[in-house]
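Visitor: I would like to go through this model and ask what stands behind the terms used for it. Please set each value against its definition.

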Amino acid sequence: MSHPLPPDTGELPLAPGQRLLESSRKELSPEALAEIQAIASRYPDRMAATLPALHIAQREFGFVSLAAMKAVAKALGLPEGHVFGVATFYTMYQKKPVGQYHFQVCTNISCALNGAAPLLQKLCARLGVEAGGPPSADGKWSVEEVECLAGCGTAPCVQVNHDVYDEFVDEKMLEEMIAACQRGEYRPWAH
Amino acid sequence: MAAIRTKPDRHLYTFPGFGSEKFPNLMLRGAGDLDNWPRRVYEQKHEGYLGMRKALKMDPSAVIEEVKTSGIRGRGGAGFPAGLKWSFMPKDTPERKFTRYLVCNADEGEPGTFKDRVIMEYNPHQLIEGMVIAGWAMQCQLGFVYVRGEFLWLIEKMEAALQEARDAGYLGKDILGTGWNFDILMHRGAGAYICGEETALLNSLEGRRGEPRVKPPFPAAKGAFGQPSTINNVETLAAVAPILRMGGAAYANLGRPKNTGTRIFGVSGHVNRPGVFELPLGTPLDFIVNECAGGVRGGKKAKAIIPGGSSCPMFDAKDFDCPMDFDSVRDRGSMAGSGGVIVMDEDTCIVQATLRLIRFYAHESCGQCTPCREGCNWMQMILQRIEDGQGRLEDLDLLAQLTPRIGLRTLCPLGDAACGPMESALKKFRDEFEHHITHGTCLAKGPGLLARASAH
């Protein structure tokens, strides 16, 4: 494409303190490309496949790096700037690597009323990571504070990777969830 | 891709008397039973697809009239009459043929709301049936279901249900011999509250940033992909199936005049039995909180109640007698919204609760309109200052001056939504804010609500 992006140095500022990270991977796999083309053909307009294609790219790359955005733009024949704009608008596209097991703790009002804030702090301490920070040194864990997961009735609500575990999560259940991750019972991130 | 989820929810779906003539069960049939979703069960046990069969034998305009007769108002938040909305769709003329789209809003991002997921989890075919009826009434060619990205397992379930409907000939080409073609596509969002606003949802569906559009043109004139479109909430579309089955007039007998039918209330927060309850519109708040949800936890008193999702101005304990329908709640100065009732007990710090809500709006503002983008951030900063014990009494006047400068000055209602809880909290619980400022401490005894360190 002839739409230039700033130099690909990993030094591109998004917001103060936030930088886009590069992954070693540069291209989508042939299967992913075929999947994206199949999705694009279902819509009246190819641009509509931007969101699904970014989901696929996130699965392939592990997170939505600048290279992932470029690969999506190339696959759909769209301006890179458009894909960049979309990818940075939505919070579910992780712009930096996350752990193999990514815990998303809702701290919005209903969960907060049921003790989500101390739960988040305990989870961070237990896993040795910071909420919204980089994954643990072994790459296994990361924790993020998220907005409402629509599990208000069974608050507090915690989601691991792509599966919602919206039970009334307390400390005991957190331990069970971590143990289940260690036993490999949950789908790891990006699978 | 994972298989259909087998893990049961621990939501509560019933209360004593549910399913009787007084509290009919139209939307939550079989809720709680994970084996309830297949077409076979829906058709055998829940009178499934009868409404669709009836509708497809009627003239499309007669179907719209039936929905108008039922008086159903949109369940997504604004409460706009659904039949009237459908009638705005342009009809084909000899000179001009239209491509019309039906869009189902399953973004469900409003804090306190967790009803659409219940319909998709247990009765996906009821939503599909409603969409086929709506598609027939407006003669749409394609339907989309925009589901929030976190509901991956529900998308997989909906895909399975859609395939069942296709196999049965309810979707696809020449549906039940009418010569009409219609199909439904699932579209997964990616985590943006703003995409619950209909024009932002359309932008997101088209693969753009989810920024609301300038209206007019309204979606009925220029919606998805530039074509006439109608956007309805999951609950509205799912309710169309029973409306056609039982007839619009019978549905209009439920609830109250101008606020007809049943709606699903989700009760969360400090209650003994949080859950989703289907009740006729106009049921008093007291019944919902005390009878259905088992009252406030620990025998405490309720301090504040948000009647319809986080965007609605707060009620206090004096409003327990309010009938929960669109008009009555509006007359009390709040909104019926999306039916998410959030109960806060007497030990809740209102300053913290308001700050948590405003932080959400500041985070979710799309950034397009200055009053909302800047205003929500300023409200958050001022509230954080008060919460940190560094507030000034002038801050309360500043907040009171700020909200009218955000509300009704933005393209979409997100700015107004942020002002609702802020204004009502200031009006009803001003003493708590003042105590925070003058004493630097909190009146409430409950545990902190914020993940970040604060004065508590």
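Guide: Two strands pair if DSSP finds at least two bridges between them. Keep in mind that this is a predicted model.

Visitor: What makes β7(B) and strand β11 (residues 340-345) of chain B a pair?

Guide: The definition asks for at least two bridges, and β7(B) and β11(B) have four, running in the parallel sense. The two strands therefore count as paired. One of the bridges can be named by its residues: Ser268(B) has Ile342(B) in β11(B) as its partner.

Visitor: What makes β7(B) and strand β8 (residues 275-280) of chain B a pair?

Guide: Here there are six bridges, and the strands run antiparallel. At least two bridges are required, so β7(B) and β8(B) pair as well. Arg263(B) has Leu279(B) as its bridge partner in β8(B). Five residues lie between β7(B) and β8(B), and the two strands form a hairpin.

Visitor: Why is strand β7 (residues 262-269) of chain B described as largely enclosed by the rest of the structure?

Guide: A residue is buried if 20 or more other C-beta atoms lie within 10 Å of its own. In β7(B), eight of the eight residues are buried, so the strand is largely enclosed.

Visitor: How do you know that both faces of β7(B) are covered?

Guide: In a regular strand the side chains alternate between the two faces of the sheet. On one side of β7(B) are Thr262(B), Ile264(B), Gly266(B) and Ser268(B), and on the other are Arg263(B), Phe265(B), Val267(B) and Gly269(B); all of these are buried.

Visitor: Why is Asn36(B) called partly exposed?

Guide: A residue is buried at 20 or more neighbours, exposed at 12 or fewer, and partly exposed in between. Asn36(B) has 18 C-beta neighbours inside 10 Å, so it counts as partly exposed. Asn36(B) lies in the segment before α1 (39-45) of chain B.

Visitor: Which residues does Asn36(B) touch, leaving out those up to four places away in sequence?

Guide: Asn36(B) touches Gly30(B), Val41(B), Tyr122(B) and Asn123(B). Asn123(B) is 87 residues away along the chain, yet the C-alpha atoms of Asn36(B) and Asn123(B) are separated by 7.0 Å.

Visitor: How do you know that the buried residues of helix α3 (residues 60-70) of chain B are on the same side?

Guide: The buried residues are Val63(B), Ile64(B), Glu66(B), Val67(B) and Ser70(B). Around the axis they cover an arc of only 155 degrees, which puts them on the same side of α3(B). What covers them includes α2 (50-57), α6 (124-138) and α9 (234-246) of chain B, among others. After α3(B) comes Gly71(B), with a positive phi near 75 degrees.

Visitor: What makes up the contact of chain A with chain B?

Guide: Chain A gives 47 residues and chain B gives 53. Among the elements of chain A that give two or more residues are α4 (80-89), α5 (109-113) and β6 (163-165). α2(A) gives the most on that side, with five residues. The side of chain A that touches chain B divides into 26 nonpolar, 14 polar and seven charged residues.

Visitor: Which domains is chain B divided into?

Guide: Chain B has domain 1 (34-253), domain 2 (259-345) and domain 3 (350-439). The centres of domain 1 and domain 3 of chain B, taken over C-alpha atoms, are separated by 35 Å. Their contact takes nine residues from domain 1 of chain B and eight residues from domain 3 of chain B.

Notes. Residues are numbered from 1 along each chain as its sequence is written. Chains are lettered from A and ligands numbered from 1 in the order in which they are written. This is a predicted model: local features need pLDDT of at least 70, side-chain atom pairs count only at pLDDT 80 or more; totals for chains, interfaces and linings use all residues. Domain bounds come from an automatic or database domain assignment. Two residues are in contact if their C-beta atoms, placed from the backbone, lie within 7 Å. The arc is that of the directions from the helix axis to the C-beta atoms. Ala, Val, Leu, Ile, Met, Phe, Trp, Tyr, Cys and Pro count as nonpolar, Asp, Glu, Lys and Arg as charged, and the others, Gly among them, as polar.
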